[in-house]
Each structure stands twice: as C-alpha cells, then as structure tokens.
Amino acid sequence: MDSTLQRAADLLAQARLPVFGGLFTDVNGATAALALAQKLGGVVDHAASDGMSRAARVMRETGSTPASFGEVRNRADTVILIGDGPRERDADLLEKLFPAKNLPRPGDNKRELIVVGTKKGKTPAGVRTTEINGKNALPELVALLAAATRELPFEIRDDALGKKLLSAAKRLRDSAFAVFVYDPAELEEPVLHTVLETVRLLVKTTRAATLSMSVPGNGEGVNLCSIWTCGLPVRTSFAGDTPENNMWAFETERLLKSGEADALVWIDALDGAEAAPPTRAFRGIPSVVLSSKPVKVGRDDVVIEVGAAAADHDAAVYLPPIAGIGVVKATSKKSDKPTVADVLNKIGALIDEKGAA
C-alpha cells in the first residue's frame with residue numbers, strides 16, 4: 001500500500017490541473033478531496049452534479065420556495081409529480097409522501113395527487129389522482145398546466161386532456177399548500193423555469209413550494225461540504241488565487257476532453273451507488289482511482305481499493321427525509337479497508353513531505 005500511495009502522490013504532485021471527479025463518497029471523503037484539491041490547485045466536480053447544478057443556478061437566479069420532505073409529507077394537500085424521474089429515483093416515494101396516517105393539514109381539501117407526463121405507475125390507494133398524460137411531451141404538458149393555472153387561453157385537440165388540465169389548474173389555485181416534486185436531472189432549464197414561475201404565481205394567493213429529488217452518490221452532502229469549505233458548490237476550481245465556480249468550465253468530461261486537466265482523481269466508494277465515469281476517463285490521462293468496486297483503468301493508472309461508505313465503515317451522508325447530514329452505520333461487521341479520507345489525507349502528507357525535502 002505504501003508504494004501505491006507514493007505513486008499516487010508522485011503522479012499528483014506533477015499535475016498542473018488535476019480534476020477530482022466522481023466524488024461518490026461520504027462527508028469525510030469529500031472534505032479530504034476538497035483539501036487535496038485546494039493544496040494542488042485542482043478542480044472538484046461530482047459525477048451527478050449536472051441536474052443539481054442546473055437547478056441550483058436557476059433557483060439562485062430566479063428565486064424559489066423549496067420545502068423539506070417531511071413538510072411535504074405532513075402538510076401538503078396537493079402534490080404535483082412531474083415526470084418519471086422522481087419514482088425512478090425512489091420507487092416508494094408516493095407511499096412515503098402519502099402515509100396512511102391522516103395528519104392535520106392546512107385548509108379543508110382532502111389530499112390529492114396530480115401526475116404530469118409520467119408512465120403508468122402505482123399510485124397511493126384512497127388518494128384522488130389526476131393523470132395528465134397523452135401524446136404531448138413533458139415540457140409541453142408542464143407549459144399547458146402552467147397556462148391553465150394562469151387562466152390563459154390554450155388550444156389542444158384532446159378534449160379530455162384539456163378538461164383535466166383545467167380541473168388540475170383550479171385545484172392548484174384552490175390548494176392550501178401545493179408542492180411540485182421533480183428530479184432536477186430530468187428537467188431541462190426551460191421546464192424548470194415554468195415550474196418555478198407557476199409556484200411564484202400561486203404564492204401570491206396561497207402557499208406553494210417545490211421538492212427537488214436528491215441526486216445519487218451523496219451529491220447534496222458533497223455539495224454542502226464544498227460550500228462549507230470554500231463558499232461555493234461543486235464544479236469549483238482552486239487553480240487561481242481565489243476559488244472559482246463555473247458550471248460549464250469545470251465539468252469533468254469537458255476538462256478531460258479539452259486536455260485542460262492533466263490528471264484525474266476518480267472516487268467511487270459509496271454503498272448502493274455507482275458513479276458513471278466520463279467517457280474520456282482512463283484513456284491516456286494519468287489517473288488515481290479510489291474505488292470500492294472493480295474498475296477497468298489504464299496500465300499506468302494507480303488504483304487503490306477503499307471501503308464503501310455506509311457498508312465497510314460508518315458514514316456521514318445527506319439523508320433526504322431529514323434534509324440534512326446524518327450518520328449511517330456500517331452494514332459490514334468488520335472491514336480493514338481504508339476510507340477515502342484515510343487515503344487522500346496520506347497522499348496529501350506524502351506530497352507535503354516531498355515538497356519539504
């Protein structure tokens with residue numbers, strides 16, 4: 001192990017712009033990755049940050065009223081499910097949002113579910129559900145619902161769908177607390193804008209909010225860790241005098257493809273999730289791979305087997321039900337595999353020793 005760590009340290013010490021990608025790890029692993037990236041003047045980017053970064057930017061620029069998972073479950077009288085993404089991310093999502101226990105909620109409405117642009121799927125028993133589907137694409141359906149909610153005229157050949165849209169729009173206007181649930185990775189920017197504009201319209205007369213599904217691989221946890229560390233989310237570079245965040249410029253795939261990054265640190269060590277490497281990974285770009293799973297790499301790349309967070313060791317990760325960081329106990333009884341934080345901290349120490357020599 002010592003010689004492997006030394007090889008990794010030598011490789012990274014020579015790098016001009018290393019990119020730390022994947023980042024499917026716990027908070028300790030993310031903290032160590034950020035510290036090493038700062039030391040080396042590198043870039044940090046999470047493998048599932050596309051949708052998260054896009055949604056965060058749109059909300060930052062236009063404003064939003066997000067709600068926590070528990071608040072939606074306990075208080076929302078109308079839930080609008082947008083697209084297939086939410087149920088693909090969590091097959092039990094609707095059962096969790098519509099528990100059998102009847103909790104006191106604002107207003108006099110019975111709870112209702114509106115699903116927009118989704119495939120046929122299981123819905124909670126006893127909950128009135130309106131399905132807005134048909135041949136129209138998801139962006140068009142969201143736009144039609146937004147127009148109907150604003151009581152603007154719209155034309156559609158499907159009379160049955162038109163009636164559903166008008167009924168759903170009235171329900172939204174009459175709701176005490178309507179919440180739009182979506183997966184940010186599924187919605188393009190114009191659709192996100194339409195959803196947020198509808199929420200902003202509703203909050204003029206009632207309460208409304210959004211619930212964005214968490215991204216895989218502890219994405220929110222890593223993002224929060226980055227913000228705590230440098231005040232910026234992931235896709236941040238430490239190459240300059242001050243950290244710089246740019247959603248396009250500091251994407252791992254782009255940095256590797258353009259040749260701007262000359263080394264890759266790939267981290268994939270989280271139980272129950274697997275980071276998809278960028279297409280240019282491990283193809284002639286010197287790489288240090290920290291993984292809890294078998295991985296195919298180049299002949300000269302450095303591979304270090306680490307424990308899977310929440311399986312081989314306890315892990316602090318983002319937990320959607322509490323909308324915060326919590327500790328998940330290890331599922332394995334005993335493991336002597338090092339953690340991501342252990343390995344990165346040792347590599348950082350070796351680089352310091354080499355610099356001091």
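Which element gives the largest share of the lining of the largest pocket, and how many residues come from it?

Modeller: Helix H3 does, with five residues in the lining of the largest pocket. Before we go further, please keep in mind that this is a predicted model, where local features need pLDDT of at least 70, side-chain atom pairs count only at pLDDT 80 or more, and totals for chains, interfaces and linings use all residues. Residues are numbered from 1 along each chain as its sequence is written, and side-chain values use heavy atoms, with hydrogens and water left out.

The search runs on a 1 Å grid over the protein atoms alone: a pocket is an open set of points with protein on both sides within 12 Å along at least five of seven lines, a cavity is a set where a 1.4 Å probe fits but cannot get out, and lining residues have an atom within 4 Å of a point. Points are joined across faces, edges and corners, and a volume is the space filled by probe spheres set on them. Helices (H or I, at least four residues) and strands (E, at least two) are DSSP runs, numbered from the N terminus.

Now to the pocket itself. It holds about 1,200 Å³ of space and has 42 lining residues, with Ser214, Val215, Glu220, Tyr318 and Pro320 nearest its centre. Besides H3, the elements that give two or more residues to this lining are helix H6 (93-97), strand S7 (207-212), helix H10 (219-230) and strand S13 (315-319). By class, the lining has 27 nonpolar, nine polar and six charged residues; here Ala, Val, Leu, Ile, Met, Phe, Trp, Tyr, Cys and Pro count as nonpolar, Asp, Glu, Lys and Arg as charged, and the others, Gly among them, as polar.

Where does the pocket sit? The domain assignment gives domain 1 (1-48 + 217-356) and domain 2 (55-212), with bounds that come from an automatic or database assignment. Both domains give residues to the lining of the largest pocket, so the pocket lies between them. Taken over C-alpha atoms, the centres of domain 1 and domain 2 are 36 Å apart.

In H10, Gly219, Glu220, Gly221, Val222, Asn223, Cys225, Ser226 and Cys230 are buried, meaning under 20% relative accessible area with a 1.4 Å probe and protein chains only, while over 50% is exposed and in between is partly exposed. These buried residues pack against strand S1 (18-24), helix H2 (27-40), H3, strand S8 (236-237), S13 and strand S14 (324-328), where contact means heavy atoms within 4.5 Å. Just after H10, Gly231 has a positive phi of about 85 degrees.

Five of the lining residues are nonpolar, two polar and two charged, and at least three come from each of domain 1 and domain 2.

The second largest cavity has a volume of about 40 Å³ and is lined by Ile82, Val142, Leu145, Ala146, Phe180, Val195 and Thr198. Helix H7 (138-149) and helix H9 (189-202) are the elements that give two or more residues to this lining, and H7 provides the largest share, three residues. Six of the lining residues are nonpolar, one is polar and none is charged. Val195 and Thr198 are also among the buried residues of H9, and the cover over the buried part of H9 includes H3, H7, helix H8 (159-174), strand S6 (177-182) and S7.

Finally, the second largest pocket holds about 290 Å³. Of its 15 lining residues, Phe98, Arg111, Ala125, Gly126 and Val127 are closest to its centre. Its lining has six nonpolar, two polar and seven charged residues. Arg111 is also one of the residues touched by Arg171, which lies in helix H8 and is buried, with a relative accessible area of 12%.

Key
Lists of a residue's contacts leave out its neighbours within four places in sequence.
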